[in-house]
Amino acid sequence: MATVYFPGFRLGKVLATSFTGTLSERYGETLERIPVPSRLVDWLAVHGLEVDSCTQLQLERARELRESIHAAATAVASHNPIPSSAVQVINACSTQGSAAPILTSEGGRKWRLSSSSVEDALSVIAADAIALLAQEREGKLSLCASPTCRAAFLDTSRGGTRKWCDMNTCGNREKKARFLANKRASSSLAD
């Protein structure tokens, strides 16, 4: 039996932008991190949104939400109007589920899904996106400086000058490319 490889998840601190990160390298060699319904179940579980199962139709709805959040976040980060189609999808997903925040004994917040359905989980993600897009969080929405990535992320750095969605991926790749270009330029000058 062949082993099926699924790319790892890129986990961030903001639920909505982590969800948009399930599609990486949007302008390069695109990498889909939730290619099948079971991977969406896995991703949701990692974020404390356990669901019983996921159908192909629910996966397609989740991807539609993901792309709507990405389009809206890109618009906000670029100081452009949010596309009305993105607003409609985000609002629809937000209102279709039934989830409630609960306080944990450690003083944190956790979501309780009423039916353990994908729709409940998507409503939590949509609500998080709404808070992010309405700029109710400390920080600003920015776009990754990598030309192949351009992922939206919440920049909470002191000066608000963070360049990459993730230093361990896009940042390192860009710095390595710059280093190699400088090294080639130096060696051609020495010749």
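This is a predicted model: local features need pLDDT of at least 70, side-chain atom pairs count only at pLDDT 80 or more; totals for chains, interfaces and linings use all residues.

Colleague: Okay, how many helices and strands does the protein have?

Modeller: There are 6 helices and 6 strands. Starting at the N terminus, the order is α-β-β-α-α-α-β-β-α-β-β-α.

Colleague: And what does the C-alpha trace span along its principal axes?

Modeller: About 70 × 50 × 40 Å. The protein has 191 residues, and 39% of them are buried.

Colleague: What share of the contacts join residues at least 24 apart?

Modeller: 54%, counted among contacts between residues at least 6 apart in sequence.

Colleague: Let's do helix packing. At what angle do α3 and α4 pack?

Modeller: The angle is about 130 degrees, and the axes are 8 Å apart.

Colleague: Which residues make the contact?

Modeller: From α3 you have Arg61, Glu64, Leu65, Ser68, Ile69, Ala71 and Ala72. From α4 there are Ser85, Ala86, Val89, Ile90, Ala92, Cys93 and Gln96. By class, the contact of α3 with α4 comes to 9 nonpolar, 3 polar and 2 charged residues.

Colleague: Then what about α4 and α5, how far apart are their axes?

Modeller: 7 Å, with an angle of about 130 degrees between helix α4, residues 84-96, and helix α5, residues 118-133. α4 and α5 are therefore oblique to each other, and α4 passes α5 in a left-handed crossing. On the α4 side the contact uses Ile90, Asn91, Cys93 and Ser94. On the α5 side it uses Glu119, Leu122, Ser123, Ala126, Ala127, Ile130 and Leu133.

Colleague: How many nonpolar, polar and charged residues are in that one?

Modeller: The contact of α4 with α5 has 7 nonpolar, 3 polar and 1 charged.

Colleague: Switching to the inside. How many residues are in the largest nonpolar core?

Modeller: 37, and the residues with the most contacts inside it are Phe19, Leu40, Leu65 and Ile125. Elements that each supply at least two residues include α1 (15-20), α2 (37-46), α3 (56-77), β5 (140-143) and β6 (152-155).

Colleague: Which element gives the most to this core?

Modeller: α5, with 9 residues.

Colleague: You mentioned Leu40. What is Leu40 in contact with?

Modeller: Setting aside neighbours within four places in sequence, Leu40 contacts Phe19, Ile34, Cys54, Gln58, Leu59, Ala62 and Val118. There's also a second, separate core of 7 residues, which includes Cys144, Ala151, Cys165 and Cys170.

Colleague: Is His79 buried or exposed?

Modeller: Exposed, because its relative accessibility is 74% and the cut-off for exposed is over 50%.

Colleague: And where does Ser116 lie?

Modeller: In the loop between β4 (109-113) and α5. Phi of Ser116 is also positive, near 55 degrees, again in a residue other than glycine. With 24% relative accessibility, Ser116 counts as partly exposed.

Methods:
Residues are numbered from 1 along each chain as its sequence is written. Side-chain values use heavy atoms; hydrogens and water are left out. Axes are lines fitted to C-alpha atoms, for helices over the stretch in contact, and angles run from 0 to 180 degrees between N-to-C directions. Helices (H or I, at least four residues) and strands (E, at least two) are DSSP runs, numbered from the N terminus. Angles under 35 degrees count as roughly parallel, over 145 as roughly antiparallel, 65 to 115 as roughly perpendicular and the rest as oblique. A crossing is left-handed if the near helix is turned anticlockwise from the far one by less than a right angle, and right-handed if clockwise. Contact means heavy atoms within 4.5 Å. Ala, Val, Leu, Ile, Met, Phe, Trp, Tyr, Cys and Pro count as nonpolar, Asp, Glu, Lys and Arg as charged, and the others, Gly among them, as polar. A nonpolar core is a set of buried Ala, Val, Leu, Ile, Met, Phe, Trp, Tyr and Cys residues joined through side-chain atoms within 4.5 Å. Buried means under 20% relative accessible area, exposed over 50%, partly exposed in between (1.4 Å probe, protein chains only).
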